[in-house]
Amino acid sequence: MEIIQLDIEGMTCASCVAHVEKGIKNVGGIDMASVNLATEKATVSYDPAAVDIEYILSAVSDAGYRASVYSGENDESELKRVQNEKKLKNQLILSAVLSFPLIIAMFAGLFNIKSLMFLHNPVLQLILATPVQFYIGYRFYNSAFKTIRSGSPGMDVLVALGTSAAYFFSIFNGFIAERAGVENSGLYFEASAVIITLVLLGKYLEMGAKGKTAEAIKKLMGLQTKNASVERDGEVVIIPISDVLPGDIVHVKPGERIPVDGNVVSGSTSVDESMITGESMPVEKLVGDSLVGGTINSYGSVCYEATHVGKDSVLARIISVVEEAQGSKAPIQKLADKVAAIFVPVVLVIAFVTFLIWWLILGSLTSAVVSAVAVLVIACPCALGLATPTAIMVGTGIGAQRGILIRNGEVLQLAGKLDTVVLDKTGTVTRGKPELQEIITLADLSEDELLLIAASLENNSEHPLAMAVINAAELKGISLIGNSNFEAIPGKGIIGEISGQMYLLGTEDFMASNEIKIDKVLEKKSVLESEGHTVMILSVKSDRDGNSLPIGLISVADSIKDHSAEGVKLLKDLGLDVFMITGDNYRTAKAIAQTAGIENILAEVLPEGKAAEVKKLQEAGRIVAVVGDGINDAPALALADIGIAMGEGSDIAMESADITLMRGDLREISTAILISGKTMSKIRQNLFWAFFYNSVGIPFAALGFLNPIIAGAAMALSSVSVVSNSLSLKKFKVSRKP
């Protein structure tokens with residue numbers, strides 16, 4: 001299956017969304033189609049062997065809308081939005097100018113202002129109302145015709161029918177009624193013209209507000225530079241960023257943006273990474289450190305080797321995740337979608353029944369027309385379609401600006417239901433950079449000799465504990481020896497041959513499984529572990545006398561991150577149970593967990609066992625989030641109800657995660673949960689008012705309590721209020737010490 005994004009034009013309400021989705025899904029070879037009214041985009045998963053993109057575009061066209069493949073170019077999309085907004089503004093101004101005299105005429109009649117009664121001339125009102133109805137209102141007729149032809153009428157049908165009824169009823173009263181001997185019940189040209197004007201006003205305000213909901217993605221896209229200074233053939237040349245290749249040497253001056261991802265090869269600087277990670281303090285960068293495209297080089301000049309470019313860059317991946325999230329739906333939207341799919345036909349029936357009751361039973365043709373028009377106009381389900389996507393766009397945007405990437409609306413909804421958080425120890429609770437603490441010799445060997453053997457064994461491993469031993473040897477200037485017959489047993493230890501002697505380095509269980517007696521070292525090992533150290537036992541296997549025995553202990557410790565304890569407390573304050581999971585033995589794990597304020601410990605869990613522990617918690621009825629940063633965390637992240645990856649970790653962990661924390665700060669887990677809760681609160685508020693508005697408005701209109709103009713104003717206001725309520729999420733703040 002392949003995934004493609006489409007730009008959809010012509011959608012105006014929740015019914016339109018349902019109709020476009022239905023049209024796409026009716027095409028063979030479609031796996032999934034999700035349409036978003038706020039972004040005016042469709043995300044489609046399809047089988048390219050079974051269906052061409054042209055068929056998908058034709059299906060949208062047959063449903064009465066226009067579709068094109070999303071180019072991914074922000075400038076192009078923004079230009080189209082500005083052009084549409086300008087066109088709508090011009091039409092709105094013209095419509096308002098023509099409608100204004102009709103409103104004055106209405107007030108002149110209400111307050112019997114004789115000097116303005118000339119405005120009640122039916123010819124004058126016809127001249128003013130006709131351009132509004134058929135030139136400015138053409139968009140409604142055109143869209144209504146297409147959606148009716150496709151068998152899926154939308155909001156434009158309601159507007160076209162309602163305004164047309166008012167317009168033609170006014171022609172009948174103004175020019176035909178008297179000749180036909182029927183009582184003239186007045187002109188309603190102002191209703192048709194003002195309704196169209198109010199609908200356009202609502203659309204214009206809505207368009208501006210929707211533009212604000214997408215500010216986060218615009219800011220992220222604005223971080224992408226156009227050009228880069230790159231070494232080519234011994235010279236530094238400026239080339240388009242799209243031409244930069246992995247391995248190129250890129251030059252960056254003070255104040256410039258980093259063009260692409262890479263690693264510093266010369267120079268030093270300080271980089272502002274706030275728009276990527278949310279971290280306000282500049283980060284020092286030295287040779288070997290990584291740089292992220294889109295961040296700002298503060299003061300130093302550096303040269304760096306490009307590593308990830310184009311779609312593989314960190315910034316491109318962030319933009320991709322945010323776009324995916326902002327185009328997604330929360331499960332709560334399903335109810336609104338079901339209602340929207342049948343809403344317009346139901347409203348048409350209600351309007352028709354209203355007309356018949358007022359005309360045939362109550363005997364008032366005027367009230368029949370006015371009430372039916374009011375029903376048609378007030379029932380437009382715009383607010384229903386905007387309730388969820390606008391809130392999701394703002395919520396995920398807020399998260400992105402803080403370096404919290406939330407993958408989709410489903411994650412937003414589920415995050416508020418979490419009751420358990422499982423934290424991986426290494427790289428999540430701790431810094432993930434263990435350091436050698438102590439070497440204890442148990443044989444006729446010096447500490448440096450033991451370190452030489454251990455580091456030479458570990459030289460084939462990339463495990464954090466191995467790196468701690470190797471780095472300690474390098475700092476002492478110890479030259480390592482080659483090893484042979486090397487074997488690593490994950491979560492247990494390693495075995496290898498150095499200078500004709502077999503050595504083992506690993507856990508207590510590893511020694512026991514190799515029949516090495518370690519009774520004499522257990523007491524000292526226990527003391528070190530109670531201090532939070534991870535202790536490795538170094539043993540020889542079958543020495544010259546045929547003995548297998550331990551020859552030393554090597555202790556390594558990984559300090560917890562500065563804000564881990566605060567992050568754990570914040571999670572507890574939200575009522576969550578916090579667990580720490582690790583491959584360390586219980587004593588070591590307990591020491592670290594106590595420092596972080598964690599009571600629930602899952603220790604001595606092998607990498608492949610982490611997912612099994614998560615499953616046990618889920619089977620106990622818990623809704624579980626797993627937080628990790630390593631490759632061995634990926635299965636647990638994928639199995640968890642919500643997987644949270646630390647952005648400082650591996651790409652595999654980030655790909656498996658539902659939420660990515662770019663700063664690697666545990667405090668941001670609670671922030672992500674709070675953002676999710678606030679967003680869902682706004683969605684519920686929006687849906688409540690959208691349903692409440694229609695539930696109350698339609699009966700009031702049917703009973704004759706609403707003037708069509710008031711109904712039009714209420715309809716326009718409902719959409720704007722829903723978007724404005726979503727925008728109020730931007731006030732979300734989390735105040736804490738840096």
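Student: Which residues in α1 meet which residues in α11?

Tutor: A word on the source first. This is a predicted model, where local features need pLDDT of at least 70, side-chain atom pairs count only at pLDDT 80 or more, and totals for chains, interfaces and linings use all residues. Residues are numbered from 1 along each chain as its sequence is written, and side-chain values use heavy atoms, with hydrogens and water left out.

Now the helix pair. From α1 come A14, S15, A18 and H19; they meet D337, A340, A341, F343 and V344 of α11. Contact here means heavy atoms within 4.5 Å. By class, this contact has six nonpolar, two polar and one charged residues. Nonpolar covers Ala, Val, Leu, Ile, Met, Phe, Trp, Tyr, Cys and Pro; charged covers Asp, Glu, Lys and Arg; the others, Gly among them, are polar.

Two packed helices are described by the angle between their axes and the distance between the axes. Helix α1 spans residues 14-25 and helix α11 spans residues 333-361. Their axes lie 8 Å apart, at an angle of about 100°. That makes α1 roughly perpendicular to α11. The label roughly perpendicular takes 65 to 115 degrees; under 35 is roughly parallel, over 145 roughly antiparallel, and the rest oblique. Axes are lines fitted to C-alpha atoms, for helices over the stretch in contact, and angles run from 0 to 180 degrees between N-to-C directions. Helices (H or I, at least four residues) and strands (E, at least two) are DSSP runs, numbered from the N terminus.

Next, cysteines. C16 has 1% relative accessibility, so it counts as buried. C303, at 15%, is buried too. Buried means under 20% relative accessible area, exposed over 50%, and partly exposed in between (1.4 Å probe, protein chains only). A search of the whole structure finds zero disulfides. A disulfide is a pair of cysteine sulfur atoms within 2.5 Å.

Another helix is α3, residues 74-110, which holds E85. E85 is buried, with a relative accessible area of 17%. Leaving aside neighbours within four places in sequence, E85 touches Y204, M207 and G208.

D272 sits in strand β9, residues 269-272, and is partly exposed at 24%. Its C-alpha is 6.5 Å from that of N297, 25 residues apart in sequence. G643 belongs to strand β25, residues 642-646, and is buried at 0%. Beyond four places in sequence, its contacts are V626, L637, A657, D658 and I659.

L576 is buried at 7%.

Finally, the whole chain. The protein chain has 26 helices and 26 strands. Its radius of gyration is 34 Å, well over the 27 Å that the globule rule gives for 738 residues, so the chain is more spread out than a compact globule. The radius is taken over C-alpha atoms, and the rule is 2.2 Å times the number of residues to the power 0.38. Along the principal axes, the C-alpha atoms fill a box of roughly 125 × 65 × 50 Å. Of the 738 residues, 52% count as buried. Among contacts with a separation of 6 or more, 69% join residues 24 or more positions apart.
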